[in-house]
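Visitor: I would like to learn how to read a structure of this kind, one feature at a time. Could you take me through it, giving the general idea and then the case at hand?

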Amino acid sequence: MTKLLKAEVIKLRTTRTFIALAGVAVGLGLLLTALTAILGENSKEDVLAAVFANDTSSFFILVLAVVGISGEWRHRTITSSLLAAPDRLRFLAAKTVAFSVVGVVLSLAISLSVAALGFAILEVRDLPTPDSADLIELYGRSAVLAALLGAFGVGIGAIVRSQVVAVVGILAVTFILEPVLLTVIPEVGRFGPLAALPTTATGLDPEAMGLEEAGLLHPTTATLLLLAWIGAAFAAGAALLRGRDVES
Amino acid sequence: MSRRAPRLSLADMPAIEINDLSRSFGSVHAVRDLSFTVSAGRVTGFLGPNGAGKSTTLRMLLGLVHPDAGVGTFDGRRYEELERPSTHVGAVLEEASFHPGRSGRNHLRVLAAAGGHPDGRVDEVLELVELNGAADRRVKGYSMGMRQRLAIAAALLGEPAVLILDEPANGLDPPGIRWVRDLLRAEAARGRAVLVSSHLLSEVALSVDDVVVIAKGALRANGTLDEVLGGTDGSVTRVRSGERERLAGLLQEAGTIPTDEGADALVVQGISPEDVGALAARHGIALRELAPLSRSLEDAFLELTAEAA
């Protein structure tokens, strides 16, 4: 398993897609933090959510994971991958763990960058900064969330082999379907795996996030439900992968 | 560069054994009850026209396509059952399997990591396939020949006892084809079992020891190159005699099939020149000509596959 994990991490590091998307994730986090820190005048109570909750790693690792596994079919590298790892369940498990680990690393990189920039700007402006304990808890939850969505993305990519369909699908669900559901039928929308549950799992105050009307779940419940989604996606993806022929 | 001897098969066990392998896609029988073996230290040509079922057979052997029935094994174990499969089997399949944005070296690093091979082995195989100079270029800039060399490098990473190559000469220029041919011979000489599929018969004739011919998914011939060139039922002999009709009768009684070729000549399938000579001598028949006839592999192939058409 360690060998396969190492191979998956090398795969990730040696393509431009990963480097580009990771760069965009860090850049976007810094930009949002700079804007909110420079333009806002937040109190001690809401500065955490307003300025320091700009870790976009969970979304980007989700996209990267979907691209990573569906790319195996697109570029037909699935053949050499399965020749190296003929146990398809182990192959999928290694990919899942790899994207979870990389998700944590990406999340921590963004969190540290965002925190450093946010503190610097707020100190210069002589505005209140959040408690370190709250910040560490937020970034810990963000790292866990990135790990979970990395794993979820692998499951989705294993189910939907077409890279375009998979990526467009998760974008549509994340930015259109789930927000609409959360607004129109919140009792259903709050169980959504790509918007509601990830937002809840960060543990931020729903009111500060503008979601007080949605009746969001407790962060721990949301995390457990997200795990259930991941388990279901992994099981479905594994069943499909094991049954598929890898033809030329 | 160090190259260890590959792990050899047990003496009484073929390196590859395919037993009653079958697979259908809808109403199309891609492979039907196919059985044959491949021995260590020999190059076995796996021949058939396009669509004969060669690639499907190889992919079933490698666990990529699920068979409806039958099994393919390496030293008695299915591919999925091999521990560190790259140390047992190296495969070059027809379809290129590279991420275009990854360099050749990084492609090999991924496979080396998955197989538990040291990074130094990557440099060794790159040197072996003469790709060192282009190793850090992205694969999308590689020519067909360079991609084929990279695929062969990947197959050799684990110094496997078995090499499987699906149409390795496709898209190669003449020097590239010669390079592949020399590589196959060299690897067999090192004790590896080499199974190479092709529809380029002239190419295969120069590099194989044994031949397996399939058409429409079914086995048509299996044996050494000489056996298959000799005919579907053995040797072919041309003989001339003033007592052609008497000789033809004796040959028929011996269970062979003589064909009248005119000018006192007969062509006889299923008997060697030595046996024809002995038969004629026993019956006091004088011969004017006695010679083995070798069909080209092309002729044998066309004859064998035409029977299935």
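Guide: Let us begin with contact: two residues are in contact if their C-beta atoms, placed from the backbone, lie within 7 Å. Please keep in mind throughout that this is a predicted model.

Visitor: Which residues does A:Ile61 touch, leaving out those up to four places away in sequence?

Guide: With that exclusion, A:Ile61 touches A:Phe99, A:Val102, A:Gly103 and A:Leu106, and also A:Ala146, A:Leu149, A:Gly150 and A:Gly153.

Visitor: How many residues has the largest nonpolar core, and which of them have the most contacts inside it?

Guide: In soluble globular proteins, nonpolar side chains tend to be buried together. Here the largest nonpolar core has 149 residues, and A:Ile61 and B:Ala153 are those with the most contacts inside it. The element that gives the most to this core is α7(A), with 14 residues.

Visitor: Is A:Pro130 buried or exposed?

Guide: The general idea is to count neighbours, and a residue is buried if 20 or more other C-beta atoms lie within 10 Å of its own. A:Pro130 has 23 other C-beta atoms within that distance and is therefore buried, although its place in the chain is a loop, the one between α6 (88–125) and α7 (132–159) of chain A. Leaving out residues up to four places away in sequence, A:Pro130 touches A:Val47, A:Leu48, A:Phe52 and A:Leu135. A:Lys44 is 86 residues from A:Pro130 in sequence, yet their C-alpha atoms are 6.1 Å apart in space.

Visitor: What share of the residues in chain B is buried?

Guide: Chain B has 309 residues, and buried residues make up 47% of them. Its secondary structure consists of 10 helices and 13 strands. Of the contacts in chain B with a separation of 6 or more, 70% are between residues 24 or more positions apart.

Visitor: How should I read a pair of helices such as α2(B) and α3(B), and at what angle do their axes cross?

Guide: One takes the distance and the angle between the axes, and then asks which residues make the contact. The axes of α2(B) and α3(B), the latter covering residues 119–128, come within 9 Å and cross at roughly 130°, so the two helices are oblique to each other. Their crossing is right-handed. On the α2(B) side the contact is made by B:Arg105, B:Leu108, B:Arg109 and B:Ala112, and on the α3(B) side by B:Asp119, B:Arg121, B:Val122, B:Val125 and B:Leu126. By class, this contact has 5 nonpolar, no polar and 4 charged residues.

Visitor: How many residues of chain B are in contact with chain A?

Guide: There are 30 residues of chain B in contact with 24 residues of chain A. On the chain B side, α1 (54–61) and α2 (104–115) each supply at least two residues, and α2(B) provides the largest share, 7 residues. Sorted by class, the side of chain B that touches chain A has 14 nonpolar, 10 polar and 6 charged residues.

Note on methods. Residues are numbered from 1 along each chain as its sequence is written. Chains are lettered from A and ligands numbered from 1 in the order in which they are written. This is a predicted model: local features need pLDDT of at least 70, side-chain atom pairs count only at pLDDT 80 or more; totals for chains, interfaces and linings use all residues. Helices (H or I, at least four residues) and strands (E, at least two) are DSSP runs, numbered from the N terminus. Ala, Val, Leu, Ile, Met, Phe, Trp, Tyr, Cys and Pro count as nonpolar, Asp, Glu, Lys and Arg as charged, and the others, Gly among them, as polar. A residue is buried if 20 or more other C-beta atoms lie within 10 Å of its own, exposed if 12 or fewer, and partly exposed in between; C-beta atoms are placed from the backbone. Axes are lines fitted to C-alpha atoms, for helices over the stretch in contact, and angles run from 0 to 180 degrees between N-to-C directions. Angles under 35 degrees count as roughly parallel, over 145 as roughly antiparallel, 65 to 115 as roughly perpendicular and the rest as oblique. A crossing is left-handed if the near helix is turned anticlockwise from the far one by less than a right angle, and right-handed if clockwise. A nonpolar core is a set of buried Ala, Val, Leu, Ile, Met, Phe, Trp, Tyr and Cys residues joined through C-beta atoms within 7 Å.
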